[in-house]
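Notes follow in the order of looking.

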Amino acid sequence: MKKLLLVSLCMLCLCVTQLYAQSKTVTGTVTAKDDGLPLPGVTVTVKGTTTGTQTDGNGKFSLNAPQNGRLVFSFIGYTSFETAVTSSGVVNVSLQASSTNLSEVVVTGALGQTRQKRDIGYAAQSLNNATVNAGNAVNIANGLQGKVSGLNVTTTNGGVFENVKINLRGIRSLTFYGNANFNYKNWANIEFAGRSEQTSNLDLSNYSYFYPSINASIVLSDALPFLKNSSALSYLKLRGGWNKTANADIAPYSLFPTFGQGVGFPYGSIPGYTANNTNYDRYLRPERITNTEVGFEAGFLRNRINLEATYFHSDNTDQIIPINVSSATGFTSSYLNAASFKNKGVEMDLGLTPLVDIGKVRINFRVNATYYESEVTQIYPGLEELSIGGYTYAGNFAIKGQPAFALKATDYVRDPNGRVVVSALSGAPTADPSTKVFGNTLPKWIIGLSPSVRWKGLSATALFEYKGGYYAYSDIGNAMAWTGVSELSGVNSRERFVFPNSSYLVNGQYVPNTSVTLNNPETFFTGVARSVASNYIINASAWRMRELNIGYDFPTGLLSKQKVIKAATIAFTARNLFLWVPKSNAYGDPDYTYSPAASNFGTGSTTGVTSGNQAGISDSSINPPTRTFGGTLTLTF
Amino acid sequence: MKKYIYPIFALALLTVTSCKKDFFDINQNPNSPTDESVTPQVILPRALSVTAARIGTNFDYAAFWTGYWSRSGTYGQSIEIESYNITTGFNSGQWTGWYDILTDENIMEKKAVALNQPFYQAAAKTLKAIGFMYLVDQYNNVPYTRAFDIQGSILPSYDKGEDIYADLLVQLDAAAKLFKGISTVDPATQAADVMFSGDVVQWRKLVNTLRLKLLLHESQVVPAATVTNVVSQITADGAGYLAAGESATVNPGYVIAVDQQNPFYNTYKSSALGVLDQYNRANNYILGKYAGADGVVSQNPTNAGDDDPRLRYVFSAAATPTIAGATNYYRGTNFGEVLPNSDPYRAANQSDVAGPGLAKSPTQDQPLLTSIESLFMQAEAQQRGWIPGAAATTYASAITESFSYLGAPGAAAYLTRPGVVFNSTINQIVFQKYLSLIGLDNFEAYVDYRRLGVPTDLPLSANANRLDRVIPLRLQYPQAEYSYNAANVAAQGTINPQTSAIFWDK
């Protein structure tokens with residue numbers, strides 16, 4: 001056994017070192033120049049590669065680098081430092097605190113690299129700690145709600161710990177960036193990246209994929225002489241990017257259908273296996289996403305007005321989706337490269353800092369807005385539409401030519417004029433089991449408004465958020481019809497009524513129903529009304545006051561009499577204060593979707609975040625939204 | 001130790017150079033068997049026990065609609081089942097449940113062919129015929145030829161019920177021939193066959209009885225030539241039908257434990273944790289049919305009087321029989337009636353449906369097809385002139401077999417009662433079959449009622465929401481088909497359970 005262990009240990013070592021055959025191990029300590037103390041968390045990368053590490057708690061690092069390579073040390077708030085690998089393999093560095101404004105430094109998606117925002121050819125937004133934490137949200141994802149254009153954060157369940165689902169630009173998170181950089185005179189920048197990955201999750205015929213990217217930016221306000229020193233247009237940057245990414249974010253062992261013991265089995269030594277209900281595709285391919293975007297960033301009046309806009313277009317092909325299928329296939333769901341989507345939109349950010357500045361009163365205003373639309377371009381061969389999540393009678397479908405996440409649901413049997421057909425005998429309608437499209441469940445518009453005002457030590461910041469142009473299904477309506485407690489089931493004080501806009505058949509003709517009353521409302525609301533899922537579809541548009549933060553900085557004069565406390569701030573914070581919804585929405589906050597981790601469409605759930613393929617489907621088991629109030633007292637010693 | 005390290009190091013180096021593509025070939029889950037590792041032998045035990053369990057415990061709706069069972073006053077009304085206004089959600093588990101087990105049987109058949117295991121191939125054909133029969137009898141047209149092929153037919157089209165029936169008869173003949181060609185069955189297969197322990201003659205009798213069952217289901221529409229052809233195939237096989245004492249029953253090794261009890265006992269008597277069934281109770285209609293000439297059920301605890309003795313074996317005496325001085329051991333309710341949850345309508349005041357003749361023990365065998373049903377079917381086929389033999393004799397044997405299965409005394413005396421003495425009508429055979437199959441094959445009563453209208457005086461639900469509806473002729477296709485296989489289910493037209501009949505229901 002011991003020998004085996006040794007062998008495997010050797011193998012592991014070799015597998016790793018083989019990658020750096022021409023390299024050596026470099027170690028060292030990074031300290032801060034101003035106080036000489038070690039700096040933890042400094043990013044150390046080998047220039048021109050994606051190899052990198054971070055310093056530990058004692059400022060120490062160790063990594064493998066080519067003998068003739070150069071190391072780049074970067075850390076937020078400090079000037080990046082570059083140096084060659086020494087022959088001794090020991091590199092000790094001290095970093096100079098930077099005068100760069102924090103808001104211009106961006107942590108990019110991959111590798112934690114810090115970059116100057118002006119150099120980046122793609123839309124990137126930076127938020128400082130204070131902005132994210134303004135409302136004391138319980139987790140960072142909720143703290144981002146309404147503050148980043150293109151980001152749709154949906155709370156999947158309320159309660160103390162809000163689980164969230166994140167959609168960036170509609171369908172997929174940007175799961176990836178790697179880069180190499182050329183810069184000309186600090187105003188033109190171009191980056192290329194190419195990366196090859198292998199995944200053990202896929203079959204050997206598909207396990208390797210390559211993805212390239214290119215993005216470029218030009219700071220016109222520096223490049224064009226006549227714009228230099230212009231006070232009206234203080235900053236103008238154009239940027240564009242193209243990249244191709246691929247991923248196979250699937251659970252291990254998702255290539256072969258499996259068998260399991262049936263309930264009760266084994267009986268003694270007698271096994272009883274049954275085919276599990278999910279089909280897998282041995283030759284599943286990685287999903288591919290091609291992204292194109294162009295945009296500009298402009299600052300006017302000495303950056304008092306900042307405007308950014310980005311147009312993006314992405315082709316998402318071979319998306320891996322578990323779809324629902326007829327059980328006559330032998331399975332109830334199938335894990336496939338099921339569909340391709342096209343996704344495009346515009347993201348806009350406007351900052352007015354300050355909007356008003358009359359000496360002691362300073363009012364800032366920030367707006368971000370996203371509009372996007374999607375279209376299903378391709379479907380698994382032989383299919384016109386796919387059920388990708390939700391309930392059987394009300395769920396999300398991918399339908400060729402329609403927006404992704406179409407909501408299909410059952411409806412009443414209707415006559416050619418759209419009237420609900422009722423029985424001439426009972427006055428009761430019937431359910432039509434064929435499902436129809438009732439809209440899409442991802443918002444077309446997401447808007448965030450953030451005004452803030454400051455007067456002397458007193459400040460107030462609010463965040464309003466709007467999502468619109470989408471629909472949701474609230475299964476709680478079904479549950480409330482069953483128990484007879486909804487507005488719907490209380491119609492006409494629970495007495496008999498003529499079903500609105502209905503007709504019945506007389507001698508082959510549909511005649512308007514004005515007199516036949518529904519014979520038994522209780523039977524209707526506990527029966528047909530629940531089979532008709534369209535009853536519980538709502539317009540999910542909503543305005544909300546997401547956050548409010550009122551703070552007061554104690555005047556320094558007040559504190560000057562003692563030497564212990566240097567600064568004191570007291571703040572009141574609140575989240576989810578108000579919600580405005582259309583009248584048709586009788587069920588509450590449409591921002592709450594439902595994606596149980598155990599369901600076959602809620603796969604891929606990680607801590608606190610569910611990224612299922614289901615959107616805009618809720619039921620009665622999710623907790624109501626939480627409104628939180630808090631206060632903070634900050635003392636600086 | 002040290003001296004070993006260098007050779008090991010060199011070895012590791014060699015291994016690493018080959019540590020390439022197959023390093024990533026790790027997609028076979030060691031904890032879940034895949035198609036490659038599964039054999040027919042590990043599929044058969046569950047296929048048999050689930051089939052028997054479904055037949056024995058999944059047809060409450062048939063028992064309610066055909067006057068066998070009713071709901072106790074302990075529960076409120078179930079409007080959907082009691083108003084006959086069934087939706088796409090009603091009993092949708094029939095579709096998924098049967099297709100689930102049929103999927104396994106289909107895999108078993110394919111594997112058996114590949115491994116040249118005729119026993120499992122024949123068993124798969126037999127069990128598939130049972131599953132598809134139950135699907136057709138509830139849904140008429142269902143996916144058959146294009147089922148179980150997700151690569152080729154992710155949207156399986158539907159086959160006509162009559163075509164499926166015709167092919168099932170072909171498959172059953174193939175099964176009979178395969179079984180007939182088997183001379184020895186290995187011990188592992190005997191252990192896996194939790195029904196007949198590898199006795200291929202019994203399997204052939206089951207196959208022949210199933211063929212007769214299919215013919216009788218389509219008795220009102222089947223061409224005479226089909227009958228002649230199938231009967232000649234049965235005769236050619238030569239094993240005959242399941243005879244007295246030869247019920248096809250399944251027992252994988254039931255024990256008193258959660259999920260491992262006999263399914264009928266577990267569902268209608270008591271769970272392994274001692275939870276009693278409080279919902280299903282005797283239906284007043286069948287109590288009246290079991291009552292003697294006086295039309296009243298005897299409440300004498302030791303003397304059934306002129307009642308059909310079997311009453312006290314298919315139903316239990318009430319747990320709390322005495323209410324306000326009056327003692328009623330055998331009491332039921334009318335189906336669809338709105339009842340208060342108070343004496344004498346509470347579950348404890350009424351007779352449960354797992355009487356001592358049906359729920360004998362939590363570890364008893366679970367019937368899949370009883371000798372009782374086999375004998376009644378033979379009697380009907382004889383009366384129709386399809387097969388040779390005296391219907392009167394077989395009819396009497398069938399009733400005697402029913403008494404015998406339940407452990408009830410007095411079969412001979414019962415046979416001499418007016419109305420029981422054979423009158424040479426199919427209706428009488430089928431009515432006695434109705435009285436005998438309660439709790440054993442509830443669904444068959446629903447089939448017989450639809451094809452022949454027996455029992456002729458079956459009352460409709462007392463539920464006020466029934467309006468003009470009658471006992472449904474079929475189930476709605478499940479909502480999942482309308483949502484996930486929309487075009488193919490739409491091709492079946494609008495389904496109205498009040499008017500859309502199964503092909504054999506004329």
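I began with a helix pair: helix 14 of chain B and helix 17 of chain B are roughly antiparallel to each other (angle over 145 degrees). Their axes, lines fitted to C-alpha atoms over the stretch in contact, with angles running from 0 to 180 degrees between N-to-C directions, cross at roughly 175° and come within 9 Å. Helices (H or I, at least four residues) and strands (E, at least two) are DSSP runs, numbered from the N terminus.

I noted that the model is predicted: local features need pLDDT of at least 70, side-chain atom pairs count only at pLDDT 80 or more, and totals for chains, interfaces and linings use all residues. Residues are numbered from 1 along each chain as its sequence is written, and chains are lettered from A and ligands numbered from 1 in the order in which they are written.

I then listed who touches whom, counting a contact when C-beta atoms, placed from the backbone, lie within 7 Å. Helix 14 of chain B brings Ile372(B), Phe376(B), Ala379(B), Glu380(B) and Gln383(B), and helix 17 of chain B brings Ile426(B), Ile429(B), Val430(B), Lys433(B) and Ser436(B).

Next I turned to the chain contact, with 59 residues from chain A and 67 residues from chain B. On the chain B side, helix 1 of chain B gives the largest share, 9 residues.

Last, I checked a sheet in chain A: it is open, has 4 strands in the order 3-2-5-6, and its pairing (at least two DSSP bridges between two strands) is antiparallel. Strand 3 (52-54) and strand 6 (78-84) of chain A are at the edges, each with a single partner strand, so one side of each lacks a neighbour in the sheet.

Key
Two residues are in contact if their C-beta atoms, placed from the backbone, lie within 7 Å. Angles under 35 degrees count as roughly parallel, over 145 as roughly antiparallel, 65 to 115 as roughly perpendicular and the rest as oblique.
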